[in-house]
Amino acid sequence: MVRFPYAVAKNSFDATKAPGEKLPYNINWSDMLAAGESITTSAWTVSDSDMTLSDPSISGLETTTKAQGGRAGYNYVLTNTINTSNANICVRRFNIRVKQK
């Protein structure tokens, strides 16, 4: 679901990109995982097909994906779900605002 600007809360976004950019976005999970716990799988989703995700990776306690596309003036929600070596499932979300630069 695409969010129109300010539909949820004014200025509620974590990153900004232009429609033509393909940029990496990452999450560091070290504050959520126990000592010795590792990430076994990572899955990324985006709230609308106007934006595409590619090149997902896990590096230690950090997960990364690249986001491309989106329509100027809209916010998109990226969701990352991980499974851990302790059988935990953790989810984090953040917003990307797309605007012409």
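## Basis

The model is predicted: local features need pLDDT of at least 70, side-chain atom pairs count only at pLDDT 80 or more, and totals for chains, interfaces and linings use all residues. Residues are numbered from 1 along each chain as its sequence is written, and side-chain values use heavy atoms, with hydrogens and water left out.

## Chain overview

The protein chain has seven strands and zero helices. Helices (H or I, at least four residues) and strands (E, at least two) are DSSP runs, numbered from the N terminus. Along the sequence the pattern reads β-β-β-β-β-β-β.

Of the 101 residues in the protein chain, 34% are buried. Buried means under 20% relative accessible area, exposed over 50%, and partly exposed in between, with a 1.4 Å probe and protein chains only. The accessible surface of the protein chain is about 5600 Å², and carbon and sulfur atoms account for 50% of this area. Accessible areas come from the Shrake-Rupley method with a 1.4 Å probe; for residues, only the protein chains shown count as cover. Among contacts between residues at least 6 apart in sequence, 66% join residues at least 24 apart, where contact means heavy atoms within 4.5 Å.

An open sheet is formed by four strands in the order 1-7-6-3, with mixed pairing. Its edge strands, each pairing on one side only, are strand 1 (15-17) and strand 3 (39-46). From one strand to the next the twist averages 30 degrees. Two strands pair if DSSP finds at least two bridges between them. For angles, axes are lines fitted to C-alpha atoms, for helices over the stretch in contact, and the values run from 0 to 180 degrees between N-to-C directions.

Strand 6 (residues 74-84) pairs with strand 3 in the antiparallel sense over seven bridges; Trp44 has Asn80 of strand 6 as its bridge partner. Strand 6 is also joined to strand 7 (residues 89-98) by ten bridges, again antiparallel, and Asn83 stands opposite Ile89 of strand 7. The hairpin of strand 6 and strand 7 has four residues between the strands, and Ala87 there takes a positive phi near 65 degrees. Nine of the eleven residues of strand 6 are buried, so this strand is largely enclosed by the rest of the structure.

## Salt bridges

The count of salt bridges is four, a salt bridge being a side-chain nitrogen of Lys or Arg within 4 Å of a carboxyl oxygen of Asp or Glu. Asp55 and Lys22 form one of these, at 3.8 Å from N to O. Asp55 lies in strand 4 (residues 51-59) and Lys22 in strand 2 (residues 22-28), so the pair ties together parts 33 residues apart in sequence. Both side chains belong to partly exposed residues, with relative accessible areas of 44% for Asp55 and 41% for Lys22.

Asp31 and Arg92 form a salt bridge with their closest N and O atoms 2.7 Å apart. This pair links the loop between strand 2 and strand 3, which holds Asp31, to Arg92 in strand 7, 61 residues apart. Asp31 is exposed at 61% relative accessibility, whereas Arg92 is partly exposed at 22%. In the salt bridge of Arg71 with Asp50, the closest N and O atoms are 2.7 Å apart. Arg71 sits in the loop between strand 5 (62-69) and strand 6, and Asp50 in the loop between strand 3 and strand 4, 21 residues apart.
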